[in-house]
Amino acid sequence: MQPAPPPQPAPAQPGMPPQPAPAAPMPAPPMPAAPAPAAPPMPAAPAPAAPVAPAAPAQPKHQSTPEVRERLSAVGAIAQAISAEVQKVIIGKSHVIDNVLVNILSNGNLLFEDYPGLAKTLMTNTFADALGCDFKRVQFTPDLLPADITGTNIYDAKKGEFTFKPGPLFCNLLLADEINRAPPKTQAALLEAMQEKQVTIGTVTHKLPAPFIVMATQNPVEQEGTYPLPEAQLDRFMFKMSVGYPDRADEDEILSRRISRGKDAVDVDVITDPQRVIAMQQACEDVYVDPALRMYMVEVVARTREDPRVLVGASPRGSQALLKTSRAAAALRGRDFVTPDDVKAIAELALAHRIILKPEHQIKGLESGEVIQTILREVPVPTV
């Protein structure tokens with residue numbers, strides 16, 4: 001048994017040069033080469049070097065640089081400042097405001113569906129003021145034409161040629177108010193803008209300014225004279241959400257602040273500008289997503305296609321929405337990695353409007369959100 005001990009130190013020492021960080025806590029010599037912070041996580045791994053070796057390469061993959069962490073921390077701080085500014089106007093709806101911020105950070109379009117008078121339009125106006133972005137509002141009506149939104153070519157008699165006159169679509173934040181009151185032809189004018197961030201007039205394609213976000217509203221009541229949005233257009237909204245009624249205390253606070261102001265309008269400070277918003281959106285691309293979490297997102301979306309209650313499941317655009325919005329949710333909290341809770345928190349908002357239930361379940365009053373919640377309870381959550 002004497003020859004057995006010498007071979008055991010021998011493998012450990014050749015393995016140390018390729019992986020200085022994991023081997024740091026084992027012998028004393030590598031300690032100067034590895035920084036002090038690397039030592040604390042390693043004591044959890046016992047003396048056997050074999051089990052530690054496979055885990056070591058996984059750590060650098062999700063360890064971001066100090067610059068990335070600082071940038072994402074700044075994103076979280078700016079987002080919280082925007083949220084605080086919006087909450088001067090929208091009272092008692094901090095979770096709704098956070099979801100709108102997640103939508104903005106993921107550069108997606110947002111559909112509000114709720115009853116009249118619940119601050120859907122006011123929230124969009126307030127976000128536009130706080131973001132410092134160019135804002136336009138279009139009231140959708142049955143007689144609205146596509147050219148009223150996109151713009152059109154107008155003949156210039158002095159120049160003897162047609163010149164393009166841009167419509168209200170050319171802005172950073174477009175409020176499409178009561179979008180389901182316009183006919184499908186006008187609704188379709190938004191499809192290219194919402195997906196490709198451009199508008200084609202005749203044979204010329206015009207790029208829209210960045211960032212470009214559509215926030216649309218529609219009411220679930222008064223459906224007479226309305227045109228339901230087609231599935232292709234619903235799929236282009238990153239989130240579909242509602243605001244909900246305030247509770248008694250919040251509604252009393254709304255009245256109290258209105259009395260104190262002495263006017264309807266609320267003064268909102270500008271927190272950012274379009275270029276900073278773009279930088280915040282780009283910073284979300286540095287948020288790390290574990291491969292196990294990617295498969296978790298894929299499984300959740302795949303279950304929507306296999307559920308016996310669902311006629312049409314979510315498309316790959318739905319899984320991309322999960323990826324982008326979960327990254328934005330992590331950045332909103334200043335984190336450089338996504339957790340399963342980030343995915344579960346936004347899954348219903350990102351997927352419910354992308355599935356179509358079978359008619360018999362629609363008649364029974366089943367909601368798409370209930371299907372998503374059932375799937376989230378059934379799919380095993382990865383431990384990351």
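Buried residues are those under 20% relative accessible area, exposed ones those over 50%, and partly exposed ones those in between (1.4 Å probe, protein chains only). The model toured here is predicted, with pLDDT of at least 70 needed for local features and 80 or more for side-chain atom pairs, while totals for chains, interfaces and linings use all residues. Residues are numbered from 1 along each chain as its sequence is written, and side-chain values use heavy atoms, without hydrogens and water.

**The whole protein**

Helices (H or I, at least four residues) and strands (E, at least two) are DSSP runs, numbered from the N terminus. Of the 384 residues, 44% count as buried. Contact means heavy atoms within 4.5 Å; among contacts between residues at least 6 apart in sequence, 76% join residues at least 24 apart.

**Aspartate 235**

Select aspartate 235, in the loop between helix H11 (231-234) and strand E9 (237-241). Because its relative accessibility is 13%, aspartate 235 counts as buried. Display side chains next: that of aspartate 235 makes a polar contact with the side chain of arginine 317 (3.1 Å). Such a contact is a pair of N or O atoms within 3.5 Å; within protein, one must be able to donate a hydrogen and the other to accept it, and residues adjacent in sequence count only if both atoms are side-chain atoms. Beyond neighbours within four places in sequence, aspartate 235 is in contact with Ser315, Arg317 and Arg354.

**Glutamine 282 and helix H13**

Move to glutamine 282 in helix H13 (residues 274-283). At 52% relative accessibility, glutamine 282 counts as exposed. Its C-alpha atom is separated by 8.5 Å from that of leucine 105, 177 residues away along the chain.

**Helix H5 against H13**

Now select helix H5 (residues 66-86) together with H13; they pack at an angle of about 130°, with axes 10 Å apart. Axes are lines fitted to C-alpha atoms, for helices over the stretch in contact, and angles run from 0 to 180 degrees between N-to-C directions. To inspect the contact, show Arg71, Leu72, Val75, Ile78 and Ala79 of H5 with Arg276, Met280 and Ala283 of H13.
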